[in-house]
Amino acid sequence: MKKYIKILGLAIIVVIAAIAISSKPNTMHSMQGVWELKSFSNWNGNAIDTVDKAPGYRQVKIYYNGKIMWSRWVPGDEKGRFGYGSYKITDTDLIETIEYGDYEMMQALDTMRVFTFELDLKDDTYSQITLDNEGNPTFSENYVRID
């Protein structure tokens, strides 16, 4: 009888472990994926002015396993832009640390490598919001998940 109880107990542990291992992680608040810029928002006190990106303008960010790659194409600009680095998110913030990029990005990295934004993340959209010194929102880039 004790032998059967031990086997039953072991079987229950195996089943619980299998369920825990096979469960899909909660993807809410996951940045992992491909995102495209859709609009910009500017704050003036409580007033928010949101404008769509210009026709032909493309900006895409790819977040995967703690790494970020972004690229930008502006019509009429022969150079394009790109950057690569790492990122992390908290309950309220998106922190991007850019390691390298195109020539202009590398020039900018001489003064600033870590970019911290307030994060408004939903399942298929997010906004990275720039705050002023007093913690008030001033500007945001607004993205939609494309993959």
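A search of the whole structure, which is a predicted model, identified seven aromatic pairs. Residues are numbered from 1 along each chain as its sequence is written, and side-chain values use heavy atoms, with hydrogens and water left out.

One of the pairs is formed by Phe40 and Phe139, which are stacked at 5.8 Å centre to centre with 25 degrees between the planes. Phe40 belongs to strand 1 (residues 33-44) and Phe139 to strand 9 (residues 137-145), so the pair ties together parts 99 residues apart in sequence. Helices (H or I, at least four residues) and strands (E, at least two) are DSSP runs numbered from the N terminus. Phe40 is buried, at a relative accessible area of 17%, whereas Phe139 is partly exposed at 29%. Buried denotes under 20% relative accessible area, exposed over 50%, and partly exposed the range in between (1.4 Å probe, protein chains only).

Tyr63 and Tyr126 have ring centres 6.1 Å apart and planes at 75 degrees, so this pair is edge-to-face. The pair links strand 3 (residues 58-64), which holds Tyr63, to strand 8 (residues 125-131), which holds Tyr126, across 63 residues. Both tyrosines, Tyr63 and Tyr126, are buried. Beyond neighbours within four places in sequence, the contacts of Tyr126 (heavy atoms within 4.5 Å) include Met31, Trp35, Leu94, Leu119 and Glu141.

The largest nonpolar core comprises 18 residues, and those with the most contacts inside it are Met31, Tyr63, Leu94 and Tyr126. Such a core is a set of buried Ala, Val, Leu, Ile, Met, Phe, Trp, Tyr and Cys residues joined through side-chain atoms within 4.5 Å. Two or more residues of this core come from each of strand 1, strand 4 (67-73), strand 6 (93-101), helix 2 (103-109) and strand 7 (114-121).

Overall, the protein chain contains two helices and nine strands, in the order α-β-β-β-β-β-β-α-β-β-β from the N terminus. Of its 147 residues, 28% count as buried. Among contacts with a separation of 6 or more, 41% involve residues 24 or more positions apart.

Key
This is a predicted model: local features need pLDDT of at least 70, side-chain atom pairs count only at pLDDT 80 or more; totals for chains, interfaces and linings use all residues. Rings of Phe, Tyr and Trp (its six-membered ring) pair if their centres lie within 6.5 Å; planes under 30 degrees apart count as stacked, over 60 as edge-to-face and the rest as tilted.
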